[in-house]
Amino acid sequence: MSMILSASVVRVRDGLPLSASTDYDQSTGVQECRKYFKMLSKKLSQLPDRCTLKTGQYNINFISSLGVSYMMLCTENYPSVLAFCFLDELQKEFITTYNMMKTNTAVRPYCFIEFDNFIQRTKQRYNNTRSLSTKMNLADMQTEIKLRPPYQISLSELGSANGFAHLSAAEYKGTGKISAAPHQRLEPVTLPGIVSFVLSLLCGALNLIRGFHAIESLLQNEGEDFSYVIAFFLGTAACLYQCYLFVYYTGWRNAKSFLTFGLICLCNMYLYELRNLWQLFFHVTVGAFSTLQIRLRRPQGKSPDYNV
């Protein structure tokens with residue numbers, strides 16, 4: 001019998017489960033598929049926005065949108081069109097019910113567990129296809145899947161250590177190979193983000209000017225310490241690198257921003273004799289503010305472009 005067995009809602013950036021259906025099937029095959037759920041959850045940010053994993057008797061389908069992924073487990077003979085229509089209904093209801101701020105700041109697993117009620121009702125409807133009221137939309141979904149079929153994930157890829165290390169969702173076209181370079185888009189820039197970017201550039205420019213002045217002083221006075229020049233130029237590089245991290249997505253982005261902030265603090269500690277307290281406070285505060293804005297500007301999920 002073809003049917004949907006379970007579904008879950010997962011945050012893309014870290015795989016945090018936000019909600020899930022109550023599962024009653026405890027068979028060995030279903031339990032094994034739950035392991036695949038966890039493995040996929042850790043790789044969602046590297047995967048295309050529409051995928052299918054075939055595990056034999058069962059299929060795992062999911063779509064990702066606006067930083068949230070909607071996953072479902074069904075039997076192998078469950079129609080693909082109905083599966084993605086089901087996921088699309090979950091997506092629309094979840095986006096309507098919860099705003100992005102709540103999903104981005106959630107820290108506890110299953111903090112939206114009440115969404116399980118909607119998952120269960122929708123699952124029952126889709127398991128009884130005669131009662132479905134969405135038949136008028138199935139033709140559109142069928143056409144969309146033919147034009148851009150879901151990416152087929154193989155078990156060998158999922159199990160390998162580097163299976164999806166270079167998978168780019170932005171370059172995914174539904175068929176063929178996937179490019180090796182990741183191009184993850186970030187969320188839209190906010191006003192505080194623009195302010196932090198401008199202030200980081202300002203601090204970088206101030207450090208650069210002071211660095212050239214230090215070189216000039218070094219040439220005029222042989223007793224000057226060359227390490228001050230290095231400290232000023234390192235401060236410039238750190239400020240500019242924070243600007244780069246704010247604009248572009250890279251691996252370990254948050255860790256890099258913290259390390260860069262640490263370098264800014266070290267440079268200013270070394271330059272305490274050349275700067276007053278207000279100048280030190282300004283540079284360190286701008287560095288901390290920029291680090292915060294880098295952390296708040298997260299990767300943006302890709303919205304599905306099919307109409308159901």
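**Exercise 1.** Which arginine lies over the face of phenylalanine 84, and at what distance from the ring centre?

*Solution.* Keep in mind that we're working with a predicted model. Start at the ring of phenylalanine 84 and look over its face: you'll find arginine 50 there, 5.9 Å from the ring centre. The cut-off for a charge over a ring is 6 Å to CZ of Arg, so 5.9 Å makes it. Now try another ring. Arginine 297 lies over the face of phenylalanine 246, this time at 5.2 Å from the ring centre.

**Exercise 2.** Work out how strand S5 is paired, and whether its residues are buried or exposed.

*Solution.* Take one neighbour at a time.

- Step 1: S5 covers residues 68-75, and S1 covers residues 4-11; the two run antiparallel, with seven bridges between them. In this pairing, valine 68 of S5 stands opposite arginine 11.
- Step 2: S4, residues 58-65, also pairs with S5 in the antiparallel sense, over eight bridges. Here cysteine 74 in S5 is the bridge partner of asparagine 59.
- Step 3: Check the connection. S4 and S5 make a hairpin with two residues between them, and leucine 66 in that turn has a positive phi of about 55°.
- Step 4: Now the burial: eight of the eight residues in S5 are buried.

**Exercise 3.** Classify the ring pair of tyrosine 98 and phenylalanine 115, then say which parts of the chain the pair ties together.

*Solution.* The structure holds 14 aromatic pairs, and this is one of them. The ring centres of tyrosine 98 and phenylalanine 115 are 6.2 Å apart and the planes meet at 70°, so call it edge-to-face. The cut-off you need is over 60 degrees. Next, locate the partners: tyrosine 98 is in the loop between H2 and H3, while phenylalanine 115 is in the loop between H3 and H4, so the pair ties together parts 17 residues apart in sequence. Both count as buried, tyrosine 98 at 9% relative accessible area and phenylalanine 115 at 4%.

**Exercise 4.** Which residues do ring pairs link into a cluster?

*Solution.* Follow the ring pairs and you get Tyr70, Phe94, Tyr98, Phe112, Phe115 and Phe118.

Notes
Residues are numbered from 1 along each chain as its sequence is written. This is a predicted model: local features need pLDDT of at least 70, side-chain atom pairs count only at pLDDT 80 or more; totals for chains, interfaces and linings use all residues. Side-chain values use heavy atoms; hydrogens and water are left out. Buried means under 20% relative accessible area, exposed over 50%, partly exposed in between (1.4 Å probe, protein chains only). Helices (H or I, at least four residues) and strands (E, at least two) are DSSP runs, numbered from the N terminus. Two strands pair if DSSP finds at least two bridges between them. Rings of Phe, Tyr and Trp (its six-membered ring) pair if their centres lie within 6.5 Å; planes under 30 degrees apart count as stacked, over 60 as edge-to-face and the rest as tilted. A charge sits over a ring if NZ of Lys or CZ of Arg is within 6 Å of the ring centre and within 35 degrees of the ring normal.
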